[in-house]
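Colleague: I am new to this one. Could you show me how to read it, feature by feature?

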Amino acid sequence: MLIQQFRYDNYRLHQLGNNSVFTITLQAGLSAIKTPQCYKEDGSSKNPDCPVCSKSLNKLAQPLPMAHCANSRLVCKISGDVMNENNPPMMLPNGYVYGYNVSVEIIVLLKANTAVVVI
């Protein structure tokens, strides 16, 4: 009891928190990249490169707030390239949106009657 009181007073005196700097930094980083897609149950929207989508960090980030993204950008699902003025978004007849560069390649392949395999 006396040890805990000493630590509490020492933290207050030096304006320190109970959490370590590592914990605070980790929470800030996870909160900055946490999105609703990280918690969808279908599993198809989880990004393998996203730390919050991993099982271990997903549980740690659950009580943290979501990231607020004021500016968004479209990314082509096939090529992974950002869609912008050099690669404008194009909607195919199936309703999906891809980058112009990929759309041109798909049209060329379809005209050549070549099978397209996307992994």
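Modeller: Start with a polar atom of the side chain of Ser 31. The backbone oxygen of Pro 65 lies 3.1 Å from it. Keep in mind that this is a predicted model.

Colleague: Where is Ser 31 placed?

Modeller: Ser 31 sits in helix α2, which spans residues 21-33.

Colleague: Is Ser 31 buried or exposed?

Modeller: Compare its relative accessibility with the cut-off. Buried means under 20%. Ser 31 has 17%, so it counts as buried.

Colleague: Which residues does Ser 31 touch, not counting those up to four places away in sequence?

Modeller: Leu 64, Pro 65, Met 66 and Ala 67. Pro 65 is also the residue whose backbone oxygen takes part in the 3.1 Å pair.

Colleague: Now the core. Which residues form the largest nonpolar core?

Modeller: Look for buried nonpolar residues joined through side-chain atoms. Here the largest such core has 7 residues: Leu 30, Cys 38, Cys 50, Val 52, Cys 53, Ala 61 and Leu 64. A second, separate core has 6 residues, including Cys 76, Leu 92, Tyr 98 and Ile 106.

Colleague: What is Val 52 in contact with, leaving aside neighbours within four places in sequence?

Modeller: Val 52 contacts Leu 30, Ile 33, Lys 34, Cys 38, Tyr 39, Leu 57, Asn 58 and Ala 61.

Colleague: And pockets? How much space lies in the largest pocket?

Modeller: About 490 Å³. The pocket is lined by 15 residues, and the closest to its centre are Gln 37, Ser 45, Lys 46, Asn 47 and Pro 48.

Colleague: How do the residues of that lining divide?

Modeller: Into 7 nonpolar, 6 polar and 2 charged.

Note on methods. Residues numbered from 1 in each chain as written. Predicted model: local features only at pLDDT ≥ 70, side-chain atom pairs only at ≥ 80, totals over all residues. Heavy atoms only, no water. Core = buried A, V, L, I, M, F, W, Y, C linked by side-chain atoms within 4.5 Å. Buried < 20%, exposed > 50% of the residue type's maximum accessible area, 1.4 Å probe, protein only. Contact = heavy atoms within 4.5 Å. Helix = DSSP H or I, 4+ residues; strand = E, 2+ residues; numbered from the N terminus. Polar contact = N/O pair within 3.5 Å; in protein donor to acceptor, adjacent residues only side chain to side chain. 1 Å grid on protein atoms, 1.4 Å probe; cavity = no way out; pocket = protein on both sides within 12 Å on 5 of 7 lines; lining within 4 Å. Points joined across faces, edges and corners; volume = space filled by probe spheres on them. Nonpolar A, V, L, I, M, F, W, Y, C, P; charged D, E, K, R; others polar.
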